[in-house]
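Visitor: Could you take one part of this model and look at it closely, setting it in the context of the whole chain?

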Amino acid sequence: RGSPNEESVTFTLEMAQKAGYVKPGSAWQKTPGDMCVARVQGKLTRRVYSDAACGGYSFEEMEDSRG
């Protein structure tokens, strides 16, 4: 299942800060490591493992993430 090729995705706290995700009292501020992992999991699910998502993501979401 998924891509036959290995794919690596990185998402850092600095990237989250630049995107405006880190706000006072947010999960990004409280547990930044967990949030970075969750962000990467979402990206990999959409890009590489869409067949394993079993409909957990819409077709439109998958199309948006491939660009």
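Guide: A nonpolar core is taken here as a set of buried Ala, Val, Leu, Ile, Met, Phe, Trp, Tyr and Cys residues joined through side-chain atoms within 4.5 Å, and buried means under 20% relative accessible area. In this predicted model, the largest such core has eight residues, namely Val9, Phe11, Ala16, Trp28, Cys36, Val40, Leu44 and Val48.

The chain has four helices and zero strands, and buried residues make up 19% of its 67 residues. Helix α3 covers residues 32–47, and because 16 residues at 1.5 Å a residue should span 22 Å, the separation of 22 Å between its end C-alpha atoms agrees with expectation. Its buried residues are Cys36, Val40, Gly42, Leu44 and Thr45, and they pack against α1 (13–19) and α2 (27–30). An α-helix has 3.6 residues a turn, so residues three or four places apart point the same way. Cys36, Val40 and Leu44 are listed both among the buried residues of α3 and among the members of the core.

Ala38 also lies in helix α3, but it counts as partly exposed because its relative accessibility is 39%.

Technical notes: Residues numbered from 1 in each chain as written. Predicted model: local features only at pLDDT ≥ 70, side-chain atom pairs only at ≥ 80, totals over all residues. Heavy atoms only, no water. Helix = DSSP H or I, 4+ residues; strand = E, 2+ residues; numbered from the N terminus. Expected span 1.5 Å × (residues − 1). Buried < 20%, exposed > 50% of the residue type's maximum accessible area, 1.4 Å probe, protein only. Contact = heavy atoms within 4.5 Å.
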